[in-house]
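Please open the model in a viewer and keep the selection panel at hand.

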Amino acid sequence: MPNRLAHETSPYLLQHADNPVDWWPWSAEAFEEAHKSGKPVLLSVGYSSCHWCHVMAHESFEDQRTADYLNDHFVNIKVDREERPDVDAVYMEAVQAATGQGGWPMTVFLTPDAEPFYFGTYFPPAPRHGMPSFRQVLEGVHQAWTGRRDEVAEVAGKIVRDLAGREISFGGTQAPGEQELAQALLGLTREYDPQRGGFGAAPKFPPSMVVEFLLRHHARTGAEGALQMARDTCERMARGGIYDQLGGGFARYSVDRDWVVPHFEKMLYDNALLCRVYAHLWRSTGSELARRVALETADFMVRELRTGEGGFASALDADSDDGSGRHVEGAYYAWTPRQLADVLGEEDARLAARYFGVTEDGTFEHGSSVLQLPQQDEVFDAGKVADVRRRLLEARSARPTPGRDDKVVAAWNGLAIAALAETGAYFDRPDLVEAALEAADLLVRLHLDDQARLARTSKDGQVGANAGVLEDYADVAEGFLALASVTGEGVWLEFAGFLLDHVLARFADPESGALYDTAADAEKLIRRPQDPTDNAAPSGWTAAAGALLGYAAQTGSEPHRTAAERALGVVKALGPRVPRFIGWGLAVAEALLDGPREVAVVGPALDDPATKSLHRTALLGTAPGAVVAYGTPESDEFPLLADRSLLQGEPTAYVCRNFTCDAPTTDPDRLRTALIS
């Protein structure tokens, strides 16, 4: 019999709707039940493409005896961290403070007042590797609750007080300057892995936001070391198993230092960020590999993540049916030499094995290999490789496909809109720009209410109940700003302004300039979450700083620019110390130091070839964070176009920064020079 999750929109919660556990969604009613029954709360947090969440669900939440114990002694709440990042952030901070580590599934025990008193992540069904069994944990918590209630209350109260005392001291309201950015670059150089690319040891995550900083720093200063780290990291990732060599797109992370074996889930945010990074790398270097990866990643997102309503789904699972009915991680992507031969024949299979690094011993599990592009001396026939890749992709498509999390998350769709709009513009792919426009239209139609407040999620055309958080407002504004620059449609600038007005009014501290992850009028939790550091995607804080700065450059709005500068105070404090974890903030700081530059392109018509040539040149400029307005002289859609006339009747570009403008030009080459120096 389905539990209370059966009517939720979250794919993760729906996966648990048939559990024998009597789950509640996060709600006031659940905590009222805890008060009424006198039971503690079990809070279980995960997401639909999380491998160990599936494992714990199968081992424990689908087990009738475990469920009976949970139902008898706890009020059980299940949360999708992607729908409620605020709930996740507050309790993850508590878990990390108490245990020194975190992750998902997250298992937290709360009082009926939502105060945490015991923490963990995955618990096995039987004791192993020094971990207690889940049943042992449940029994221990129950005994403490019934026998030492005062002690539990004291612990919970202390934890909440400690969390409240962890307010961020973010170094004032002054943005970082040359010195801090140079220190950040030095710090990254120390953590860089020169043999393999990337930063730190295993597991290795794609450092997309750090690479954006490195590309911008090189563009502004000419630092070759920054470009080298960015280029080599991108090449190693693109050649590794973390990149899908057949279908395009990136997995979540690599379990090893060499990018060989990924954790196979594919997330929208990773692919949106990396698509944009590779497009920007091509813009800086002309790298053919960067061009191919940007386009293949864009095509992957449109082909495999696009929903029927025009938005983009959140993720593809790591696990899939291996053909025997068992769900196995990586089953969809890995190959043995025998499987290659079954599809290609013996001769082509030997070629494919050499080209993709498939060995008899295997690079993954059970003798299978994850496809890579190892560096080697052999020269391969491009036509033959393309044919082999096509045949393998066709054969793979007949395998059971990984599950898809179909919910549309506003923030991640904002990232996808920016990536697809720019990639489409750079490579003359209007279909990608159109995909970005359709996703933006969905967000406006479904996620925005008549006061321009954002809902965080939707699914199957039905908007979710959860309010947008700071990253939603910031990333969607970023996507709309990119769309405005690419299309010349000023309505997207207007929508970005509506969203950023909410950031100023509801998310910013008027005294300090600090930003909060949740709005002032959002549901009150035990702590108002506030985290400026990048995780898998830019933090809401730094994403908002970037969008505020871009909007100010487009409009001349002093309040938005001032808010961006004040928000960057945290980058001044953290950039030199932990540059790997505030890469997007460093990238925004580069834009601020460069101006950013404001480019206005006017022509007799948007489809005029000479106007389009100037517009494309402007978009391909590498000046950090440059904004582009594009229209006719009489257009009132962009403030930057005001009083901009044609020069001798010809399409004309104007470049300004810091209240100073270059001479207008009709020459794309002169415009190109103005945007790289």
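Begin by selecting α12 (288–305) and α15 (382–396): each of these helices supplies at least two residues of the lining of the second largest pocket. The model is a predicted one. Of the two, keep α12 highlighted, for α12 gives the most to this lining, with 8 residues.

Next, display the side chains of Arg 292, Glu 296, Tyr 355, Leu 373 and Arg 389, which lie nearest the centre of the second largest pocket among the 27 residues that line it. Colouring the lining by residue class shows 11 nonpolar, 5 polar and 11 charged residues.

Now move to helix α17 (residues 430–447) and select Ala 436 within it. Is Ala 436 buried or exposed? Its relative accessible area is 0%, so Ala 436 counts as buried. Beyond residues up to four places away in sequence, Ala 436 touches Ile 417, Leu 420, Ala 421 and Leu 483.

The last stop is helix α19 (residues 491–507), which has 17 residues. From its first C-alpha to its last, α19 reaches 24 Å, close to the 24 Å expected at 1.5 Å a residue. Select the buried residues of α19, among them Trp 492, Leu 499, His 502, Arg 506 and Phe 507. Then show the elements that cover these buried residues, including α17, α18 (470–487), α20 (540–555) and α21 (558–567).

How values were computed. Residues numbered from 1 in each chain as written. Predicted model: local features only at pLDDT ≥ 70, side-chain atom pairs only at ≥ 80, totals over all residues. Heavy atoms only, no water. 1 Å grid on protein atoms, 1.4 Å probe; cavity = no way out; pocket = protein on both sides within 12 Å on 5 of 7 lines; lining within 4 Å. Helix = DSSP H or I, 4+ residues; strand = E, 2+ residues; numbered from the N terminus. Nonpolar A, V, L, I, M, F, W, Y, C, P; charged D, E, K, R; others polar. Buried < 20%, exposed > 50% of the residue type's maximum accessible area, 1.4 Å probe, protein only. Contact = heavy atoms within 4.5 Å. Expected span 1.5 Å × (residues − 1).
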